Amino acid sequence: MSISIDAKDPAEAEMMPLKVHRKTEAAQDITLFELRRADHQELPPFTAGSHIVVQTPGGLLRRYSLCNACSERDRYMIAVKRDANGGGGSIGMVDDVAEGDQLSVSAPQNYFPLANDASSYLLIAGGIGITPILSMIHELQAKKADFRLVYCTRSAETTAFLSDLSSMQLAGRMLVHHDHGDAQRSLAIGPIVVDRPDGAHLYCCGPRPLMQAVRGMTAHWPSSTVHFEDFGTSTHAEPDGEKPFTVRLARSGETVKVLPGVSILDALRNCGIAAPSSCESGTCGSCRTRLLAGVAQHRDFVLDDDEQDSEIMICVSRAQSEELVLDL
Ligand code: FES
């Protein structure tokens, strides 16, 4: 998966030069990059579910999940889906980066870590959302853990890592579903998650509609056992349908206007007001803020139903009312 990020994230500020050792096609419109140090030394370690930030040829910063096994200390593998309707980062990576080129890359970070104590793992990937899941599969196989993969894509041609997965002896533990671009043919998630084995954890990465379906169908799972990683395509989607609103900060008394297409977090930043954040896609929980008044339009994958009246994730959620009062 990839997501555009704010360059000011301090944990991602230190970049290192890595060489594109290999560039290959993983599926239609999906390119696999193998990144190594020029001196062949070990790279900073990572855990399954981690991502790195890469500076694209156009100077944009993009976050890509690592898809290789974390036991591999000499390379980072990322897969980039060429998005003709995106902000240009993926096009720059796919069209302008060649083997032998040098890229500026951050140390790995993980907003989507595997629970160590799960009795079993249900992994649900949609499209390029397979990337962190693939790293998890390497890890779970190495630990001989009990897991199952559900992988939804448009067609066989657009399915990355199909041959890798086929060679991993996942028979009976892998379901691959193609919808051929027809929402009517989407996989029914309900029957897959209706039973939760004791101690099971679920990990889902993919397009927002898939994550919303999984979220909606897992209300009977403890929220701490259902984990999401955003695909990064819709953090501020549909700005045309968004309305401006005001955020009032209870502690300082300041008010901030939030315009369509701008998150509350960014609106605060634009006014010089800092607030905690990490993923900026509504999945990690870092920006959880107490909601003192007003009605929120929740877009995150963190808050339970019983938390939504009193809390808000300000990186993605907006307002239904004209004003929100936040405990900031
Ligand atoms: S920054 Fe991760 S949920 Fe808001």
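Colleague: Which residue follows helix 2, and what is its phi?
Modeller: Lys 144 follows helix 2, and its phi is positive, near 55 degrees. Helices (H or I, at least four residues) and strands (E, at least two) are DSSP runs, numbered from the N terminus.

Colleague: What kind of model is this, and how are residues numbered?
Modeller: It is a predicted model, in which local features need pLDDT of at least 70 and side-chain atom pairs count only at pLDDT 80 or more, while totals for chains, interfaces and linings use all residues. Residues are numbered from 1 along each chain as its sequence is written.

Colleague: How far apart are the ends of helix 2?
Modeller: The end C-alpha atoms of helix 2 (residues 130-142) are 18 Å apart.

Colleague: Which of its residues are buried?
Modeller: The buried residues of helix 2 include Ile 130, Ile 133, Met 136 and Leu 140. Buried means that 20 or more other C-beta atoms, placed from the backbone, lie within 10 Å of the residue's own.

Colleague: What do they pack against?
Modeller: Their partners are strands, among them strand 5 (61-65), strand 8 (120-126) and strand 9 (147-153). Leaving aside neighbours within four places in sequence, Ile 133 is in contact with Leu 123, Ala 125, Leu 149, Tyr 203 and Cys 205; contact means C-beta atoms, placed from the backbone, within 7 Å.

Colleague: How many residues has the largest nonpolar core?
Modeller: That core has 79 residues, and Ile 78, Leu 123 and Ile 133 have the most contacts inside it. Helix 2 gives the most to this core, with six residues. Such a core is a set of buried Ala, Val, Leu, Ile, Met, Phe, Trp, Tyr and Cys residues joined through C-beta atoms within 7 Å.

Colleague: Turning to the strands, what does strand 3 pair with?
Modeller: Strand 3 (residues 30-36) pairs in the antiparallel sense with strand 2 (residues 15-27) over seven bridges, and with strand 6 (residues 76-81), also antiparallel, over six bridges. Pairing requires at least two DSSP bridges between the strands.

Notes
Expected span 1.5 Å × (residues − 1). Buried ≥ 20, exposed ≤ 12 C-beta atoms within 10 Å, placed from the backbone. Contact = placed C-beta atoms within 7 Å.
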